[in-house]
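Visitor: Please show me how to read some features of a two-chain model, giving the general idea before the case at hand.

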Amino acid sequence: MSAEREILLDVKDLHVTFGSGKKAFEAVRGVSFQVYRGETFGIVGESGSGKTTIGRAIMRIHPTSAGEILYKGNRINGKISRQLDRQVIQEIQMIFQDPMASLNERAKVDYIVSEGLINLHKKMSDEERRRRVQQALAEVGLLPEFASRFPHEFSGGQRQRIGIARALIMEPECIIADEPISALDVSIRAQVLNLLAALQKSRGITYIFIAHDLSVMRYFSDRIAVVYKGRIVELAETEELISHAAHPYTRALLSAIPMPNPVSEREKKLTVYDPSIHDYDRNPPRWQEFRPGHFVLANDREMEEGFGEVNDFDYLSS
Amino acid sequence: MENMNQETILSVKDLNIKFTLRGRVLHAIRNVSLEVYKGESIAIVGESGSGKSVLTKSFMGLLDNNGFISSGEILYDGKDLTKFKKEREWQKIRGGQIAMIMQDPMTSLNPLKTIGEQIAEAVRLHQPAVRGGDAVREKVYAYLRDVGIRKPEKRYKQYPHEFSGGMRQRVVIAIALACNPRILICDEPTTALDVTIQAQIMKLLKDLKAKYDLTIIFITHDLGVVANIADRVAVMYAGDFVEIGTAEDVFYDPRHPYTWALLSSLPQLGKKGEELFTIKGTPPSLYKTIEGDAFAPRNPRALKIDFLAAPPRFDISETHMAKTWLLDPRAPKLEPPEGIRNLRKLEVLG
């Protein structure tokens with residue numbers, strides 16, 4: 001079915017390098033994926049895997065060092081026309097992880113939410129701007145009078161809603177949500193996730209959902225890409241990935257999800273990913289189709305024999 | 001489990017803690033009683049602001065200046081900690097008897113000292129038997145190895161900024177261990193960490209508990225995390241425990257509507273395409289006196305009596321208690337929500 005779907009975003013062999021010369025560090029090393037309109041595409045990985053960098057490269061916050069990012073068929077990385085830049089700014093928005101740090105403490109909610117509008121539509125009347133702020137606040141479940149308050153007057157969940165309103169007011173087609181719920185309490189997490197899901201339904205927004213936690217991903221994403229050290233190691237539709245995880249890193253991520261079942265949790269063996277199990281020096285990995293629609297980074301031997309058993313975890317004997 | 005034969009290490013009786021804020025009084029801990037058994041790990045679970053951190057801070061005399069214990073007892077080792085007045089008295093408890101690991105490893109270490117010095121400081125203060133620079137250093141290496149930090153000789157000389165978040169939390173744990181405590185309070189030790197690192201730290205804490213014969217009090221807002229580590233679970237709401245039981249009691253046979261709600265809102269239990277369960281409303285203001293069941297205004301299936309009188313403590317078994325009118329014989333029989341009835345059959349992913 002995916003063949004008929006419209007590709008909104010096409011990332012081809014993306015590389016992002018920080019620093020230069022001897023100190024150069026390649027944070028993203030050849031990542032390719034496509035995001036279809038209206039879906040939720042999950043990027044999962046641990047801290048330092050490069051998942052946030054991918055999101056920021058799409059947002060044009062980080063310059064890319066190689067590869068292409070196509071949005072609706074137009075290249076949006078590197079030098080682009082002003083008109084396209086404005087289009088990207090309006091149509092792709094971002095929600096950040098820490099609602100305590102991502103809002104300007106000195107500005108009122110009214111300004112925080114409408115800052116993007118002010119910059120993009122310089123001729124918009126004040127009345128129109130206010131109306132849009134009210135509308136955006138209402139849509140995320142906040143009261144209109146909150147517009148005249150400062151961020152410190154709100155709880156974590158409310159702040160995250162302000163962050164979402166700030167993205168919504170631009171009427172984006174695609175929202176990159178970078179760990180939008182990690183900093184929130186469990187009960188608030190569910191509220192924010194429900195809000196994001198409802199907005200997707202009513203507006204048809206495409207999400208790129210970045211997180212380290214597969215349990216949230218599983219609930220929220222249509223397809224998931226697993227990122228390890230700047231490369232995608234596995235990509236599939238959510239249920240396929242969960243039930244037939246191939247790559248040992250994906251399996252390690254799955255085993256780390258805490259389940260609310262004390263008996264099975266106590267007996268659970270924690271699997272830890274040890275990259276030395278691959279013999280990639282002699283037999284380098286390729287991007288291969290493991291099952292229909294389920295891709296994995298593996299070499300030919302691994303495709304034939306599987307990845308082998310993952311090591312049991314053992315620290316105290318180190 | 002076999003709690004009835006267990007020895008109590010810390011006992012909280014009818015504790016009330018209040019804070020004065022701008023002339024108003026906030027009643028943060030409302031008549032709380034809790035027994036902590038020697039050698040167990042007990043998890044205190046609740047939302048932000050439920051009072052779980054305030055309660056455990058009071059065990060170490062670390063309440064903010066505007067906070068005070070208005071009544072009740074905290075019995076430890078034959079002494080009532082609420083009677084402590086001087087810092088000197090608390091110094092004997094802090095670290096050496098009860099140690100604490102905080103949430104954020106980025107802020108709980110001194111950025112200007114090497115991690116080796118920071119652990120050595122704890123060894124010198126709390127283990128006077130270990131004398132001489134070399135002996136202390138060897139001891140520090142041993143702790144570093146215990147918390148899973150390799151090449152301790154090299155790591156000893158490094159500063160906190162040279163460590164990742166997970167490694168820093170291991171250093172914090174090493175410092176706590178070096179105090180040689182009997183009780184280790186872990187205040188959301190993994191909230192700031194990745195799931196994979198979280199799982200490793202939980203495993204580490206379990207191993208260390210066995211090796212050092214520790215009693216662990218684990219504080220978290222996430223019931224999913226504690227299934228792995230907790231022998232017993234105490235659910236806190238608005239400054240009081242609403243349900244206490246073994247992990248099996250609380251996960252497989254939860255009785256309080258708030259426990260039901262907390263379990264139901266776990267994203268692990270969410271089904272794609274359906275709304276996740278959310279707890280409506282916000283916790284009550286603790287500036288006001290709470291009438292009836294504190295959770296009633298947020299409980300869609302609350303009984304009339306929930307708004308009239310505070311529910312007493314009902315004992316379901318020797319290990320399991322809950323404060324809800326649903327356990328009164330006159331109350332209608334209510335089943336827990338469907339999504340959490342079969343947690344016993346819930347499989348581990350992957």
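**Reading the model**

Guide: Glu179(A) is found in the loop between S7 and H6 of chain A, where helices (H or I, at least four residues) and strands (E, at least two) are DSSP runs numbered from the N terminus. Residues are numbered from 1 along each chain as its sequence is written, while chains are lettered from A and ligands numbered from 1 in the order in which they are written. The model is predicted, and therefore local features need pLDDT of at least 70 and side-chain atom pairs count only at pLDDT 80 or more, whereas totals for chains, interfaces and linings use all residues.

Visitor: In what order do the eight strands of the open sheet in chain A run?

Guide: Strands of a sheet pair through backbone hydrogen bonds, either parallel or antiparallel. Here the order is S6-S7-S8-S3-S9-S10-S12-S11 (chain A), with mixed pairing, two strands being paired if DSSP finds at least two bridges between them. Strand S6 (92–95) and strand S11 (286–291) of chain A are the edge strands, each pairing on one side only, and the twist averages 20° from one strand to the next.

Visitor: Which strands pair with S8(A), and in which sense?

Guide: Strand S7 (residues 174–178) of chain A pairs with strand S8 (residues 206–211) of chain A in the parallel sense over five bridges, with Cys174(A) opposite Thr206(A) and Ala177(A) opposite Phe209(A). Strand S3 (residues 40–44) of chain A also pairs with S8(A) in the parallel sense over five bridges, and Val44(A) stands opposite Ala211(A).

Visitor: Are the residues on the two faces of S8(A) buried or exposed?

Guide: In a regular strand the side chains alternate between the two faces of the sheet. In S8(A), Thr206(A), Ile208(A) and Ile210(A) on one side and Tyr207(A), Phe209(A) and Ala211(A) on the other are all buried. Six of the six residues of S8(A) are buried, so the strand is largely enclosed by the rest of the structure.

Visitor: How do H6(B) and H7(B) cross?

Guide: Two packed helices are described by the angle between their axes and the distance between the axes. The axes of helix H6 (residues 165–178) and helix H7 (residues 195–212) of chain B come within 10 Å and cross at roughly 15°; axes are lines fitted to C-alpha atoms, for helices over the stretch in contact, and angles run from 0 to 180 degrees between N-to-C directions. H6(B) and H7(B) are therefore roughly parallel to each other, on a scale that counts angles under 35 degrees as roughly parallel, over 145 as roughly antiparallel, 65 to 115 as roughly perpendicular and the rest as oblique. By class, the contact of H6(B) with H7(B) has seven nonpolar, four polar and one charged residues, where Ala, Val, Leu, Ile, Met, Phe, Trp, Tyr, Cys and Pro count as nonpolar, Asp, Glu, Lys and Arg as charged, and the others, Gly among them, as polar.

Visitor: How do H3(B) and H6(B) cross?

Guide: The axes of helix H3 (residues 115–126) of chain B and H6(B) come within 8 Å and cross at roughly 15°, which makes H3(B) roughly parallel to H6(B). The residues of the contact of H3(B) with H6(B) divide into eight nonpolar, two polar and no charged.

Visitor: How many residues does each chain give to the contact between chain A and chain B?

Guide: Chain A gives 39 residues and chain B gives 44 residues, two residues being in contact if their C-beta atoms, placed from the backbone, lie within 7 Å. On the side of chain A that touches chain B, helix H6 (186–203), helix H7 (214–220), helix H9 (248–255) and helix H10 (262–267) of chain A each supply at least two residues, and the largest share, seven residues, comes from H6(A). That side of chain A divides into 21 nonpolar, 10 polar and eight charged residues.

How values were computed. Buried ≥ 20, exposed ≤ 12 C-beta atoms within 10 Å, placed from the backbone.
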